[in-house]
Amino acid sequence: MSTTTEWASHLATRVRITDLLVLVWVVFGVQIAWLGLDYAVSGFSGANDIPLSYTVVSFVIVAAWMIALELYDTRSPRVLGVGTQEYRAIADSALRLFGLVAIVAFLFRLDLARGYILIAFPLGVLVLLLSRWTWRQWLSMMRRRGQLSSRVLLVGSWSSVVTIARELTRAPEAGYRVVGVCATDAPADQLPGTRVPVIPRTTTALAVMRDLGADTVIITSADELGPERVKELSWGLMPGAEHLVVAPSLIDIGGPRIRTRPVAGLPLMHVETPKFEGRKLVAKRVFDLVFGVGIVALLSPVFIVVAALVKGSSPGPLLYRQRRIGKDGEPFAMLKFRSMVVGADAQLAALLEAQGTADRPLFKVENDSRITRVGRVLRRYSLDELPQLFNVIGGSMSLVGPRPQVAAEVELYDRGAHRRLLVQPGMTGLWQVSGRSNLSWEESVRLDLYYVENWSITGDVAILWRTARAVVRKDGAY
């Protein structure tokens, strides 16, 4: 069993090699395609120009780019494989290097070909991101198998260690595998649903950590551990080989809202309050309009074919309009291609009662007899949802957001679920791409609230991409 230090070093070396191959291929490829091998650039403009080969320039750019990737910590085990920090650091390092090259070219009067520079840098970033994404898929697969992960000992109160263990289990790709627990008020000798041992004493945390082969200790609460004991615990860790992590009591908070600021020796964590107004909303509206109109134009032939199939499959209207609850509790008419027989709404209550789910906010009917034959195909590929693009263009919906629900479902909301109504409802959302119809109501609400609290345009693009993949793989909804 390799330690975190060992596998992290091996992984960083492999990533470093692929980064080098990517940069050599891109920079020299652009040079050859744009200028050839023997083209020279003059420097120190004046009577005594010094000819400088573009091959030398390419070597220097590749070497400087590799150094920039190292300086921006893009290969650290803390950023590889999860989150957006890795991608942001790659983009930032390229942007700073581009600026440095421009400054050097100006100071030394190097007449660099603009096409060479303006193609090499953006293309290099794109291919680097693709390479890192490929590594991320492999790393996620390995971590779901329990490999290439930090072995974690949780220390704190029973309720806090159970919560943190549950959250870490939900995201194995983050690279933390719980192997033991130290809790003072533990009611069991194992974590619920696992074989992870529970040791009911926090004073032996270091000894337990080494007995279990753990390399990371996560403090989940400081109720029993005062500042001095936490400091003593950190002193006992082997530098570089064993790590200390302090988990706050907050969960479901996205990285962009968190700022860590050391003040008077205190590592204070600032959590920004989510905003539902201003420039972000304008940007989201522009995003919805541009992409909504573009998708409608692109899929116009599909609209025509689906419309013909619906009209020919069964008697009734082409579109189904249902009253849904939108932002701030305002009702609106949501559009769909009709996939059910006429009068299906009148049968819903009886079907839910027979299924035993009439008291749950997420109204779903399995093996629904009301769906037409064509409707089943439309739902399988989510084609019945396409008319909602006109809701998006009209402003009653967004491309991404919590799914709008009927008034009877909203009446069953608790206080937390009502926060789903703070943003515009969406055609797709985080819970749809995280399990679709297979998730429980509680898990669906949790994912929707995470989206509401942490949404961004970048996150919307990622959800749209995952939605397209889910539809192609026929991971349909009821």
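**Salt bridges, helices and loops**

Me: In this predicted model, are R420 and D448 buried or exposed?
Reply: A residue counts as buried when its relative accessible area is under 20%, and as exposed when that value is over 50%. Sorted this way, both R420 and D448 are buried.

Me: How many residues apart in sequence are the parts that R420 and D448 tie together?
Reply: The two side chains form a salt bridge, and the closest N and O atoms of R420 and D448 are 2.7 Å apart. R420 sits in the loop between α13 and β13 (426-428), while D448 belongs to helix α14 (residues 441-454), so the pair ties together parts whose separation in sequence is 28 residues.

Me: Which residues do salt bridges that share partners join into one network?
Reply: Picture a chain of friends holding hands. Here the salt bridges share partners, and the one network they build joins R16, D19, E70, R75, E86, R132 and R136.

Me: How many salt bridges does the structure hold?
Reply: One of them is the pair E86 and R132, whose side chains meet at 2.9 Å, N to O. Counted over the structure, the number of salt bridges is 15.

Me: Are α3 and α4 roughly parallel or roughly antiparallel?
Reply: The axes of α3 and helix α4 (residues 114-144) come within 10 Å and cross at roughly 160°. Angles over 145 degrees count as roughly antiparallel, so the orientation of α3 to α4 is roughly antiparallel.

Me: At what angle do α2 and α3 pack?
Reply: Helix α2 (residues 54-71) and α3 have axes 9 Å apart, and their crossing is right-handed. The two are oblique to each other. The packing angle is about 135°.

Me: Where is the place of L148, which has a positive phi although it is not a glycine?
Reply: Most residues other than glycine have a negative phi. L148 instead has a positive phi of about 50°, and L148 is buried, at 19% relative accessible area. Its place is in the loop between α4 and β3 (150-156).

Me: What is the phi of S382, which is not a glycine?
Reply: S382 is found in the loop between α11 (373-380) and α12 (388-394). S382 is buried, with a relative accessible area of 19%. Although S382 is not a glycine, its phi is positive, at about 60°.

Methods:
Residues numbered from 1 in each chain as written. Predicted model: local features only at pLDDT ≥ 70, side-chain atom pairs only at ≥ 80, totals over all residues. Heavy atoms only, no water. Axes fitted to C-alpha atoms, helices over the stretch in contact; angles between N-to-C directions. Helix = DSSP H or I, 4+ residues; strand = E, 2+ residues; numbered from the N terminus. Parallel < 35°, antiparallel > 145°, perpendicular 65-115°, else oblique. Left-handed = near helix turned anticlockwise from the far one by under 90°. Buried < 20%, exposed > 50% of the residue type's maximum accessible area, 1.4 Å probe, protein only. Salt bridge = Lys/Arg side-chain N within 4 Å of Asp/Glu carboxyl O.
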